[in-house]
Amino acid sequence: MTGSSRGHDGRRIAFLGTGLMGAPMARRLLGAGFAVTVWNRDRSKAEALVQDGAICAETPADAVSGADVVITMLTNAEAVKDVLFDRGAADAMTSAATAVDMSSIAPHFARDHAARLAERGIAHVDAPVSGGVVGADAGTLAIMAGGEEDVIDALADVFAPMGRVTRVGPSGAGQLAKLANQQIVAVTIGAVAEAMMLISAGGGSPAAFRDAIRGGFAESRILDLHGKRMVERQFTPGGSSSNQLKDLNAAMETANALSLTLPLTATVHAEFTEFVANGNGEKDHSGLLLHLEEKNALPGGKK
């Protein structure tokens with residue numbers, strides 16, 4: 001089916017990419033009263049949202065037909081380019097529409113996409129998110145936006161059901177903020193994993209250690225959520241190691257372009273590169289603990 005009925009504020013939303021993160025984000029928009037047309041490469045993932053009130057489109061071009069806001073939540077820059085430009089979504093959008101890319105891609109790709117859409121008179125916002133599936137379900141995502149201030153302000157009610165939006169700067173700045181966020185996440189996961197190993201190797205309890213330092217200076221969402229995963233040894237992905245590596249690759253590429261040396265990021269990038277190369281890309285990124293345990297010949301490292 002093409003297009004959608006109008007939402008609670010009269011605007012139509014097309015949501016392209018209803019995977020692990022996209023599905024709960026689209027569900028939040030539906031729950032807020034928006035009319036949402038969805039499309040996904042694996043159609044079954046889009047059809048799962050019909051019971052929540054979504055309209056399922058056959059193609060990206062069908063999905064965006066008549067849409068006022070087009071949200072993409074896709075795997076990488078190549079997928080975004082493919083859906084927007086190769087599969088005809090951009091050609092099917094009106095010049096009054098706004099494209100909001102919530103995927104995590106390198107800043108230069110976001111700027112390129114913005115420029116190509118601007119040639120068609122279409123506004124573009126890069127608005128990647130942090131908070132994982134838990135945040136997507138709860139509508140508490142941190143949304144980092146790059147683009148024109150008035151365009152982002154006009155999308156406030158669209159962003160609100162999904163989380164808290166902050167304009168970081170011009171086009172590409174949202175993606176830059178996401179890379180910086182992912183640096184902090186990756187380095188902190190590495191730090192927590194190494195601390196867990198130190199405690200365990202010395203005869204302490206990782207679970208008790210995590211409880212003991214809660215509320216101190218080392219408290220963080222990583223210690224809370226990923227530390228719990230490490231203690232319980234549950235590495236089914238909320239955020240996959242392959243996606244973490246993708247973001248670290250982009251962070252290192254951006255740092256090189258800016259002539260920056262980032263030794264901590266470089267170290268954790270090397271460890272995630274090895275971990276994923278060894279076949280662990282679909283494990284949660286907290287599973288880096290397994291890689292570090294294996295390097296130290298500790299029990300559990302090959303699980």
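Predicted model: local features only at pLDDT ≥ 70, side-chain atom pairs only at ≥ 80, totals over all residues.
Residues are numbered from 1 along each chain as its sequence is written, and side-chain values use heavy atoms, with hydrogens and water left out. Helices (H or I, at least four residues) and strands (E, at least two) are DSSP runs, numbered from the N terminus.

View 1. The largest pocket has a volume of about 1400 Å³. On a 1 Å grid over the protein atoms alone, a pocket is an open set of points where a 1.4 Å probe fits, with protein on both sides within 12 Å along at least five of seven lines; lining residues have an atom within 4 Å of a point. Grid points are joined across faces, edges and corners, and the volume is the space filled by probe spheres set on the points. Look for Met21, Gly132, Gly238, Gly239 and Asn243, which lie nearest the centre among the 50 lining residues. The lining divides into 16 nonpolar, 24 polar and 10 charged residues. Here Ala, Val, Leu, Ile, Met, Phe, Trp, Tyr, Cys and Pro count as nonpolar, Asp, Glu, Lys and Arg as charged, and the others, Gly among them, as polar.

**View 2. Serine 130 in strand 7.** Serine 130 has its place in strand 7, one of the elements that supply at least two residues of the pocket lining. Serine 130 counts as buried because its relative accessibility is 19%; buried means under 20% relative accessible area, exposed over 50%, and partly exposed in between (1.4 Å probe, protein chains only). Its side chain makes a polar contact of 3.1 Å with the side chain of asparagine 181. Such a contact is a pair of N or O atoms within 3.5 Å; within protein, one must be able to donate a hydrogen and the other to accept it, and residues adjacent in sequence count only if both atoms are side-chain atoms.

**View 3. Glycine 239 in a loop.** Follow the chain between helix 12 and helix 13 to find glycine 239. At 23% relative accessibility, glycine 239 counts as partly exposed. Beyond residues up to four places away in sequence, glycine 239 touches Lys283, Asp284 and His285, where contact means heavy atoms within 4.5 Å.

**View 4. Strand 5 between two partners.** Strand 5 pairs in the parallel sense over four bridges with strand 4 (residues 69-72), and also over four bridges, again parallel, with strand 6 (residues 123-126). Two strands pair if DSSP finds at least two bridges between them. Threonine 98 is the bridge partner of valine 69 and of alanine 123. Thr98 and Val100 point one way, Ala99 and Asp101 the other way, and all are buried. In a regular strand the side chains alternate between the two faces of the sheet.

View 5. Phi is near 55° in serine 259 and near 55° in alanine 297. Most residues other than glycine have a negative phi. Serine 259 counts as exposed at 68% relative accessibility, and alanine 297 counts as exposed at 69%.
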